[in-house]
Amino acid sequence: MNPLSRLRALLPNLPRGPEGLVWYLVLLQSIGVTAVLPVLPLYAQEHGADLAFIGWMVGAYMAANLVATYPAGWLSDRVGRRSLMAAGMALYGLASLGFLVFGQPWAFVLLRAIEGVAGACFVPTAIAYVADRSSPAERGARLAELTAAQYVGLLAGPAIGGVLATAFGFAAPFWVLAALCLLSSGFVAKLPGAGRAAAADRAAAPGGWDGVVWPVILGLGARALAGGFAVGLYETVWAIYLKDLGATTWEISLSWTLFAIPPIVLAGAAGRLIDRAGPRGPLLWGTAFSGVIVATYSLTRRVELLLLLGVVDGIGFAFAYPAQNALMVAAAPEALRGRVIALVTALGTVGSLVGVFVVPRLYPLGPHWVFGVTSVLLLASVGVLAMVRLTDPAIRVTPTPEHVV
């Protein structure tokens, strides 16, 4: 069985046609981006960057992504999804080539900012496109499969990047990212129902900002902030924490791989549950589950147990993240879908920026402070979501009998 057939065996309901093409585009983008991440700090150091500049590189991506997310959502609603996805892919590819052309650390900061803009253009717009093309009865499944595509990339990308860097040097993963993204930008042009005509039809559809279910967006915003803070934790001190406990570099890399497995394997089950029971339950319980698991990370000094806990944590994420996307889509009128997705995504980026700034300052006080605060934030977001009354007629959170498969 070839690798593509194995992927389809894991995800038997993977959509064909335009939605299937978007799945592969997200997969290729995720592989390319994550293939570069393990070698990016080493490549920068090789060109004279110190730790301060590497920190600026991380911050530049997040800051640019935050600033660009809402304008990109607005453009995707007004000019079409296709243009924004193609622009995002092309920007990623060109920025990757830029790392090979410019050797100064200040240029790397600028190039990471360009990649932040590229991410704002591509991923939220891909979510909006899949939501546009999916019926309410299958939207949860399609969004869960899109999450799986991102995590197949996370599973494969770092290993591919490591092999390429070892065999051909640190520049090789940048060539791969550029090739994948520039090639994919051409395939975006083949997506139907994603251009100006579709955008004009959405603009003519009923519903304005008063049609947004704001209590739901408030709850989702709290969840995005807490989830973003957790991302800040993992990007700053997770590897340091494992190393302090005696983990090898291989074990640190393995922890990311193991976390990525549940969102891939459970994509079908998560999607079916969301479509049949509505997104609220999977979002609440998935987030609460992760919040409890995060609190346990500081209770053991055994690396193998932490790796196992990472898999369990991934189970909660496998249900919570696609449920969050499904609820986000349901809470917005079609004409504003791109902007509402961008708004919630931007709040997640704010959470990540706060996490990147706060977590390194908490860590010297003890790992229990880092994981405890993150756990409290995740559980508090569950409380906010639980208080939201999802009875507004503008949003269907529990499928009607005819939608149940």
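Which helices are included in what covers the buried residues of H13? Helix H7 (139-168), helix H12 (249-265), helix H14 (280-296) and helix H15 (303-330) are among them.

## About the model

This is a predicted model, where local features need pLDDT of at least 70, side-chain atom pairs count only at pLDDT 80 or more, and totals for chains, interfaces and linings use all residues. Residues are numbered from 1 along each chain as its sequence is written, and side-chain values use heavy atoms, leaving out hydrogens and water.

## Helix H13

Let's start with H13, which spans residues 267-277; helices here are DSSP runs (H or I, at least four residues), numbered from the N terminus. Its buried residues are Ala267, Ala270, Gly271, Ile274 and Asp275, where buried means under 20% relative accessible area with a 1.4 Å probe, protein chains only. Seen down the axis of H13, these residues fall within an arc of 125 degrees, so they line one face of the helix; the arc is that of the directions from the helix axis to the C-beta atoms. After H13 comes Gly278, with a positive phi near 90 degrees.

## Salt bridges

Now for the charged pairs: a salt bridge is a side-chain nitrogen of Lys or Arg within 4 Å of a carboxyl oxygen of Asp or Glu, and the count comes to eight. In one of them, Arg339 pairs with Asp77, with the closest N and O atoms 2.9 Å apart. This pair links distant parts of the chain, Arg339 in helix H16 and Asp77 in helix H4, 262 residues apart. Arg339 is buried at 11% relative accessibility, and Asp77 is buried at 2%.

Within helix H7, Arg142 and Glu145 lie three residues apart, about one turn of the helix. Their side chains meet in a salt bridge (2.8 Å, N to O).

Conventions. Buried means under 20% relative accessible area, exposed over 50%, partly exposed in between (1.4 Å probe, protein chains only). Helices (H or I, at least four residues) and strands (E, at least two) are DSSP runs, numbered from the N terminus. Contact means heavy atoms within 4.5 Å.
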